[in-house]
Amino acid sequence: MLRLTIDGNVVEATEGETILIAAKRAGIDIPTLCFLKETNEIGACRICLVEIEGQRNLQPACVYPVAQGLVVRTNSKTLRNVRKSTLKLLLSNHNRECLTCFRNKSCELQSLAEELNIDDVPFKFNRENITYDDASVAIVRDSSKCILCGRCIATCRDIQKIGILDFTHRGIDTEVTPAFNRSMDKTACVNCGQCIMACPVAALKEKEDIEKVWDALEDNDIHVVVQAAPAIRTALGEEFGLPIGTRVTGKMVSALKRLGFSKVFDTSFAADLTIMEEGYELLNRLENGGRLPMITSCSPGWVSYCEFNHPDFIENLSTCKSPHQMFGAIVKSYYAEKNQIDPKKIFVVSVMPCIAKKAESAREENQVNGLRDVDAVITTRELGKMIRQAGIDFNKLGDSEFDSPLGEYTGAAAIFGATGGVMEATLRTLVDLVEGKDMDKIEYNQVRGVKGIKEGKISLKGNELNFAVVHGTAMANEVLSQIKDGEKKYHFIEIMGCSGGCVTGGGQPHVSAKKKLELDVRVERAKVLYQEDALKEVRKSYQNPFIKKLYEEFLGQPNSIKSHQLLHTHYSV
Ligand code: HC0
Ligand code: SF4
């Protein structure tokens, strides 16, 4: 343990820590901008400069290591002036249309300007040749807002190991762009949206579908059905100032009802359905020599990553559509038939924590008889906006229940939104199906938590099933390489494109770098889903009575011809 002095306080720190971290622990917030924990620690923006006794130059706290006896000052007239000048220069090169900016009030640059008491910016914004790229169905890039902090570049390159974005040009013309300034839709971007989550400003955002949804809601000729993904209920409250990790399932349903949707259903119902289809698909592959390991296909960021980078693993992907696509297909067939509604008059909206779901729903493969399974996908952030636009006081809402039957779900489905959730849900059903009885075991702790690669094995009637859970495309790359090299052998793998799974998808509420220093968002949001699971009486997908009914009345058996027509898909090479 080392001891140093920060602003007159003696602070204990461990070797290798930075001044920024030691100060944070001592309750001293040094301002930062380009800093993003474990992602972008490069000291580039110079906002976190501090004075160190005995040194002539100011030093960036985010990269300067602690040392025994160091005497640090984080607040002085010099520092306040230097930080202000640096920030004014950054602001002079930034399109300051804050009132009409989608990051208004969630912008880290704006907060910093307020914290540093910036009262004027003497320079006018007059950059030319800036790119506004909205060619992709999922992601929009606006260079006029970019402050060149590099957080998106580091996230895509080092965390996701994809590397779509980088600095181009020099000096005043410097921009962050894909190679050759291609539009995002012409790159191998998988639409994970993790660069959006890293961006402190509004240089990256999702392609909004809010107006499409409002138009459908106002059309009396259309029956508008909404489904909410498991991960929305754990994060939507943050849009309304509630702490990270607040469960708002009932309020979310009330809000969706107030917005005027004809039915408010839950993607979790289709998650239970996916477990049936995927579980039987796995059993079939195990028994009949099918391609192994079977890999989950519900994360469209991961599926695109596989298509772009590992086409030799495409046959390993489960042929199951992702739950929200299955849900759309069931609404436009079973539900339409039962309620005698023309499927062409049904508009399915998915509320997703993910921007890749926008691209997924637009794929031709995700249509049945020329009708899209899902007509519009909005993110948690977009839903937050719609609720505010409608003047709904979210925090004052009471709880409501999802509509039946497509809103009935088990605890197994609720945990889909956290890394390991799909695996745990599959194991709960698979073991019982193979053993032919309702086993006592429900929880599989080895697949929970945020370790990048989690492994385990179980015995199924004497046969060993080896499995792995992977989150983030970098980890996916690692595991696939190990399989190719023969180092690892698995029967079944869950892969999610984003670290943490859907709870930290690219469509979730923004969390500042400062907050991310205090807590692990993945853990806090996942806790809510495990709580929801524990509260459920039925915690195994095959025991969902409405899933049983769906098979009895409509689909026949899992993996039946009808199931394949509606609920399965294929991928491109
Ligand atoms: Fe997910 Fe899903 S759990 S991908 O992470 O499988 O986005 O929450 O909705 O579709 O159910 C996201 C979350 C979903 C789907 C489900 C799966
Ligand atoms: Fe990279 Fe994902 Fe952003 Fe695309 S969406 S640029 S893959 S981080």
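Hi everyone, let's start with two parts of this protein: the C-alpha centres of domain 1 and domain 2 lie 28 Å apart. Before going on, please note that this is a predicted model, where local features need pLDDT of at least 70, side-chain atom pairs count only at pLDDT 80 or more, and totals for chains, interfaces and linings use all residues. Residues are numbered from 1 along each chain as its sequence is written, while chains are lettered from A and ligands numbered from 1 in the order in which they are written.

So where are the domains? Domain 1 covers 2–91, domain 2 covers 123–205 and domain 3 covers 211–567; these bounds come from an automatic or database domain assignment. Where domains 1 and 2 meet, nine residues of domain 1 and ten residues of domain 2 take part. Here, two residues are in contact if their C-beta atoms, placed from the backbone, lie within 7 Å. On its side of that meeting, domain 1 has seven nonpolar, two polar and no charged residues. For these classes, Ala, Val, Leu, Ile, Met, Phe, Trp, Tyr, Cys and Pro count as nonpolar, Asp, Glu, Lys and Arg as charged, and the others, Gly among them, as polar.

Now the ligands. Which residues come nearest to ligand 2? They are Cys 156, Ile 164, Cys 189, Cys 192 and Cys 195, out of 14 residues around this ligand. A residue counts as near if its C-beta atom, placed from the backbone, lies within 6 Å of the molecule. Helix H4 (151–159) and helix H5 (194–198) are the elements that give two or more residues to this shell. Helices (H or I, at least four residues) and strands (E, at least two) are DSSP runs, numbered from the N terminus. By class, the shell around ligand 2 has nine nonpolar, five polar and no charged residues.

Ligand 1 is surrounded by 21 residues, and the closest are Ala 229, Ala 231, Cys 298, Gly 417 and Cys 502. This shell divides into twelve nonpolar, eight polar and one charged. H8 and helix H10 (323–338) each supply at least two of its residues, and H8 gives the largest share, three residues.

Let's stay with H8. Two packed helices are described by the angle between their axes and the distance between the axes. The axes of H8 and H10 come within 8 Å and cross at roughly 100°. Axes are lines fitted to C-alpha atoms, for helices over the stretch in contact, and angles run from 0 to 180 degrees between N-to-C directions. Among the contact residues are Phe 269 and Leu 273 of H8 and Met 326 and Phe 327 of H10.

Finally, a look at the loops. Leu 292 and Pro 293 are joined by a cis peptide bond, with omega about -5°, and Pro 293 sits in the loop between H8 and strand E13 (294–295). Ser 404 and Pro 405 are joined by a cis peptide bond too, with omega about 0°.
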